[in-house]
Amino acid sequence: MASLYEELTHAVAELSARGLVQASKWAAEQLVGLEEEVQAAGMAAAACAQPTAAPSDLAHPRFLLGKSHFQFKEYQRAAYVLQGVPGPHAQFLHLYSIYLAGETRKEHERVEKDGELGKPDSSVNADLDNLERALADAVAQGAAQPAGGGGGPDPFLLYLHGVVLLDKQRHAEARDALVRSLHAFPCNWSAWVALRPLCGSLPELEALQLPIHWVRDFFLASALLDLQQNQEALGRLQRLSHVFPHSVYMEVLVAQVHYNLQNYDEAQSLFEDILGKDPFRLEGMDVFSNILFVKEQFAALSQLAHRAVATDKYSPDTCCIVGNYYSLKGQHEKAVEYFRRALRLNSRYLAAWTLMGHEFMEMKNTAAAIEAYRRAVDLNPHDFRAWYGLGQAYELLKMPYYAVYYYRRATSLRPSDARMWVALGQCYMSEQVNLVEQAARCYRRAIEFNDPDGIAAHMLAKLYEGKRQFDAAEQLYRYNLARLDAAGLPLGSDAVDALLFLAARCKDTGRLSEAQGCCERLLDVGGPAKERAKALAREVHALLTAQQQAQQAQQAQQRHAQQQQQAQQQQFQFEPQFRQPGGGHGAAAARGGGGGMRDGFGSDDDGMEAATPEPAEGGPPVWAMQDMAAVGGGAGGASAGPGRGGAATPGQAQVVSSQQQHAAAAAAVAGVAQQLRVGEREAAQLLAQAGWDASRAVLDNLHLLD
């Protein structure tokens with residue numbers, strides 16, 4: 001650990017001497033991020049160590065003057081003063097001043113030509129060719145002494161050579177020069193940052209021959225974060241936290257990972273902790289403002305904006321934070337003004353281009369939104385928000401094929417984001433594209449990645465409903481309805497569609513009680529949904545009544561069957577008493593042929609005719625009439641006198657049973673007449689057509705209610 005402290009202190013000194021202020025600040029931040037024990041041990045070792053003499057060029061008067069000009073951003077004066085000064089520090093600062101002077105002129109020409117927001121490639125650095133030749137000669141000859149004290153080219157000249165080659169779009173040579181520089185001096189964070197745009201994909205990143213060094217883990221975590229490989233980036237950052245437990249830079253990266261993973265509460269907690277450690281920090285706070293915007297925390301975002309303005313009013317990060325604040329308040333024109341101000345200060349500020357595109361979309365200015373999004377993807381082709389914004393813009397312009405292309409780019413960069421898949425699925429469902437199967441796959445992917453808004457489940461359920469796959473549609477509607485109920489949200493359009501489908505589905509499948517419950521919930525909403533619910537409720541009520549009547553008729557039929565069976569059992573018990581040993585007279589009497597039997601009791605047929613009431617018009621069912629006829633013709637001779645031993649005769653039991661059946665049939669006629677709103681004669685005819693099944697008679701003739 002002491003060697004790590006020594007390495008970082010040496011890096012801060014070397015980078016500061018060469019004017020690489022961003023890399024020097026990063027190295028110093030990681031130095032402070034070490035454990036307190038490591039810092040104390042390192043400072044003690046440095047105090048005991050022999051003081052080393054500074055390189056001769058650092059004390060050269062012209063180097064000191066040139067560095068002063070450089071710090072005041074007078075790059076041409078610095079380059080002029082440092083010309084010819086010997087030593088590696090002076091040589092690098094001389095060439096670096098020439099490069100920065102050319103970049104300043106290029107920026108001025110761009111503003112004069114295309115305005116403050118003109119494209120960065122509208123002008124070029126005129127000094128690149130001369131610089132490239134000078135750096136190539138210096139690297140080839142090893143003209144300067146390297147920082148490590150050995151032979152070979154200066155790693156800082158290699159870094160500058162790689163930057164120049166990158167500006168000239170010679171990416172392969174630039175990548176080789178930057179990697180060589182990092183092998184010689186790994187703590188130059190500026191070289192790592194310059195290498196990051198050359199890693200356009202995960203295979204390209206893995207193909208780099210990077211040095212085995214702890215800074216490599218910082219670079220890989222940052223690159224994986226840009227490539228939306230958030231879990232892998234988080235794993236590397238967690239390992240680094242054991243070595244740099246107090247590194248604020250690393251904590252910012254962890255917060256950005258949680259932001260990308262939509263863990264907004266965790267990310268907000270981390271940013272609040274960062275501001276507690278570094279209250280005047282602005283770097284990375286634009287992401288914090290995005291989190292507060294998404295969570296609609298007006299007070300917290302206002303407090304952050306006031307803090308940023310008090311720290312540095314003209315910082316691009318401050319302008320971006322204030323723009324988010326005005327956007328949350330709905331003042332989109334003011335938000336655009338602040339995003340423009342951020343881009344005037346730094347035309348390569350990616351977040352400002354993307355957020356300004358969002359504001360133009362809110363203002364329905366699609367042409368300006370498209371231009372802003374295109375500038376964002378030019379700066380960073382891995383910005384999925386810009387690709388998603390382009391898809392939204394072209395979808396608004398009714399150009400779905402363009403929108404499909406941009407949404408597919410967004411899903412390739414952000415495959416675990418359900419919002420990307422929902423947007424792509426809706427484009428596939430448009431009239432011009434009409435790719436239903438592809439849309440269904442997109443919705444299934446969105447559900448797989450836990451669509452937070454439930455849009456995918458609702459859209460996929462409607463798609464299944466249109467394809468008459470009712471079981472799958474019912475499952476998705478139930479899932480979405482349960483999600484909405486758990487969230488305690490009022491009945492919206494999604495819940496109304498789900499309840500209407502479930503009510504109709506339950507009615508058609510015989511789950512009438514559940515269908516009735518769905519209809520009752522829909523009575524709380526207005527509009528056509530309420531009228532449809534009322535109609536469904538009437539149908540369900542009619543079916544429930546018919547079902548109850550059918551159950552009553554079935555119970556009456558079961559009672560009749562039981563009574564008939566009991567009567568037959570009683571008849572068999574009485575028959576042996578009338579059989580004579582000779583068999584002739586008893587058998588004739590049993591068949592109703594004996595005169596004594598008739599003389600004693602009279603005609604059984606006559607008795608039945610007197611006991612059986614005339615059926616009402618429309619009449620009881622056929623089986624009731626047949627049973628009554630059987631009683632009159634087949635049991636006459638078996639009567640042994642009224643009430644032997646107190647028991648009723650079979651003929652009397654049959655008469656009672658027929659009366660009950662007649663009453664049940666009359667009740668069925670009355671029920672059907674009431675449900676279908678017809679007369680009893682027509683109800684009897686409908687029952688006869690339905691085989692005296694009251695439920696079937698109502699279901700087959702519901703059209704009479706229209």
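Reply: Start with helix H12 (residues 214-226) and helix H14 (residues 248-260): their axes come within 11 Å and cross at roughly 25 degrees. H12 is therefore roughly parallel to H14. The classes are: under 35 degrees roughly parallel, over 145 roughly antiparallel, 65 to 115 roughly perpendicular, and the rest oblique. Axes here are lines fitted to C-alpha atoms, for helices over the stretch in contact, and angles run from 0 to 180 degrees between N-to-C directions. Helices are DSSP runs (H or I, at least four residues), as are strands (E, at least two), and both are numbered from the N terminus.

This is a predicted model, in which local features need pLDDT of at least 70 and side-chain atom pairs count only at pLDDT 80 or more, while totals for chains, interfaces and linings use all residues. Residues are numbered from 1 along each chain as its sequence is written, and side-chain values use heavy atoms, with hydrogens and water left out.

The crossing of H12 and H14 is left-handed. That term applies if the near helix is turned anticlockwise from the far one by less than a right angle; clockwise would be right-handed. H12 brings Phe218, Ser222 and Leu225 to the contact. H14 supplies Tyr249, Met250, Leu253, Gln256, Val257 and Asn260. Contact means heavy atoms within 4.5 Å. By type, the contact of H12 with H14 has six nonpolar residues, three polar and no charged. Nonpolar covers Ala, Val, Leu, Ile, Met, Phe, Trp, Tyr, Cys and Pro; charged covers Asp, Glu, Lys and Arg; the others, Gly among them, are polar.

Now the segment between. Helix H13 (residues 230-240) has Asn230, Ala233, Leu234, Gly235, Leu237 and Leu240 as its buried residues. Buried means under 20% relative accessible area, exposed over 50%, and partly exposed in between (1.4 Å probe, protein chains only). The buried residues of H13 pack against both H12 and H14. An α-helix has 3.6 residues a turn, so residues three or four places apart point the same way.

The loop between H12 and H13 holds Gln228. Gln228 is not a glycine, yet its phi is positive, about 65 degrees. Gln228 counts as buried, at 13% relative accessibility. Glu296 also has a positive phi, near 55 degrees, and is a residue other than glycine. Glu296 lies in the loop between helix H16 (285-294) and helix H17 (298-311). Glu296 counts as exposed, at 54% relative accessibility.

Another helix pair gives some context. The axes of helix H25 (residues 436-448) and helix H26 (residues 455-466) come within 9 Å and cross at roughly 145 degrees. The crossing of H25 and H26 is left-handed. From H25, Val436, Ala439, Ala440, Tyr443, Arg444, Ala446 and Ile447 take part. They meet Ala456, Ala457, Met459, Leu460, Leu463 and Tyr464 of H26. That contact of H25 with H26 divides into twelve nonpolar residues, no polar and one charged.

Last, the whole chain. The chain has 37 helices and zero strands. Of its 706 residues, 46% count as buried. Among contacts with a separation of 6 or more, 56% join residues 24 or more positions apart. The structure holds zero disulfides (a disulfide is a pair of cysteine sulfur atoms within 2.5 Å). Cys319 is in none; its nearest cysteine sulfur, that of Cys320, is 8.7 Å away. Cys319 is buried, at 1% relative accessible area. Cys320 is buried too, at 0%.
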